[in-house]
Structure formats: C-alpha cells, structure tokens
Amino acid sequence: MVDWELRPALASDVEAVAELRAVVMRPDLERLGRYDEHRVRQRLRDAFEPEHTSMIEVDGAFAGCVALRPAEDAYWLEHFYLDPELHGRGIGSAVMSRLLEWCDRENAMVRLNVLQGSPARRLYERHGFAVEAEDPVDVFMVHGPAN
C-alpha cells in the first residue's frame with residue numbers, strides 16, 4: 001500500500017483536475033463515441049466546487065481527487081479520478097473506504113454515476129454500491145448507510 005492523504009481542494013486546483021479527468025476518462029469516452037478534448041475539460045471546470053472536493057496526494061504530490069457533494073437525500077460522489085499509473089495499488093479503495101465510513105457515521109446515502117463499461121464500476125460494486133438505474137451512457141448507483 002502506498003502512503004497517501006487527502007487535502008482540501010483550492011480553486012487553483014481546477015486545471016490539474018481538468019487535465020487528469022481528460023486522461024482518466026478518455027478510454028471510456030472514446031469507446032462510447034463521446035470524447036471531445038475540450039468538452040471533457042470544460043465540464044469539469046463548470047462543475048468544480050473546491051469546497052466539496054478533496055485532493056489525493058501520494059508522497060506529497062498530486063495524484064487525484066474526489067468530491068462528495070451534499071444533496072437533498074444523499075451525498076453525490078463525483079470527480080473521483082486517480083492517476084492511471086497508480087491504479088491497482090489500493091489507493092482508490094482506501095479513499096473510498098474512508099469516504100463511506102464518514103457517510104455511514106452521518107447515516108447518509110451516497111449516489112454516483114459511472115460510464116457504461118467503465119472498470120471503475122467494479123470498485124464501486126466491491127464497496128457495496130448497487131445499480132439504481134442506467135441508460136446507454138451512464139450507470140447510476142447508490143450505497144445505503146451501514147447504520
């Protein structure tokens with residue numbers, strides 16, 4: 001397991017996150033015929049809320065991010081991106097466990113959507129997310145509180 005930590009995001013982190021999003025999502029978006037190199041970055045810029053975002057650092061360097069946005073009936077897990085060179089090293093799973101432990105203490109449901117066919121879906125299923133709905137592009141998943 002690699003040494004990692006979460007730190008609060010700053011507004012100035014938006015471009016690093018937009019670039020990482022473009023790298024991480026490119027294979028799935030291309031497979032779905034939806035990749036646009038400008039749109040993939042701009043959608044992140046338009047939706048980036050540093051007050052709900054944590055930056056993932058590995059050995060003190062930017063490695064990814066995750067957002068947990070409050071909504072009326074749940075938290076939305078969004079913008080969960082990790083440098084592809086770090087996939088498979090337990091970091092994503094450890095981050096997910098920490099977030100879900102916090103949400104369980106809050107007795108809160110967590111919702112997310114993942115692109116159809118994305119390998120990230122396996123991570124979410126391993127952590128107890130269940131499919132709530134799906135369409136040709138997205139799979140909407142939910143995780144109930146453990147309490």
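Two strands count as paired if DSSP finds at least two bridges between them. Keep in mind throughout that this is a predicted model.

**Stop 1: the sheet**

Select the strands. They form an open sheet of seven, in the order S1-S2-S3-S4-S5-S7-S6, and the pairing is mixed. Strand S1 (4-8) and strand S6 (130-134) are the edges, each pairing on one side only. Direction ignored, neighbouring strands of this sheet are turned by 30 degrees against each other on average.

S6 pairs with strand S7 (residues 138-143) in the antiparallel sense, over four bridges. Which residue in S7 is the bridge partner of Ala-130? Select Val-142, and the partner of Ala-130 is on screen.

**Stop 2: the helix on the sheet**

**Stop 3: the cores**

Show side chains for Leu-77, Phe-80, Ile-91, Val-95, Met-96, Tyr-124 and Phe-129. Within the largest nonpolar core, which has 28 residues, these touch the most other members. At least two residues of this core come from each of S2, S3, S4, H3, S5, H4 and S7. Which element gives the most to this core? That is H3, with seven residues.

Centre on Tyr-124 next. Leaving aside neighbours within four places in sequence, Tyr-124 is in contact with Leu-77, Phe-80, Met-96, Leu-112, Val-114, Phe-129 and Met-141. Then move to a second, separate core of 16 residues; Val-17, Val-40, Phe-48 and Tyr-81 are included in it.

**Stop 4: the salt bridges**

Switch to the charged side chains. With a side-chain nitrogen of Lys or Arg required to lie within 4 Å of a carboxyl oxygen of Asp or Glu, the count is 10 salt bridges.

- Glu-125 and Arg-121: here the N to O distance is 2.9 Å. The two lie four residues apart in helix H4 (residues 120-126), and so are separated by about one helical turn. Glu-125 is partly exposed at 38% relative accessibility, and Arg-121 is partly exposed at 24%.
- Arg-31 and Asp-28: this salt bridge has an N to O distance of 2.8 Å. Both residues are in helix H1 (residues 14-31), three residues apart, and therefore about one helical turn separates them. Arg-31 is partly exposed, with a relative accessible area of 43%.

**Stop 5: Asp-28**

Stay on Asp-28 to finish. At 12% relative accessibility, Asp-28 counts as buried, because the limit for that class is under 20%. What does Asp-28 contact beyond its neighbours within four places in sequence? Select Leu-115, Gly-117, Ser-118 and Pro-119 to show these contacts.

Note on methods: Residues are numbered from 1 along each chain as its sequence is written. This is a predicted model: local features need pLDDT of at least 70, side-chain atom pairs count only at pLDDT 80 or more; totals for chains, interfaces and linings use all residues. Side-chain values use heavy atoms; hydrogens and water are left out. Buried means under 20% relative accessible area, exposed over 50%, partly exposed in between (1.4 Å probe, protein chains only). Axes are lines fitted to C-alpha atoms, for helices over the stretch in contact, and angles run from 0 to 180 degrees between N-to-C directions. Contact means heavy atoms within 4.5 Å. A nonpolar core is a set of buried Ala, Val, Leu, Ile, Met, Phe, Trp, Tyr and Cys residues joined through side-chain atoms within 4.5 Å.
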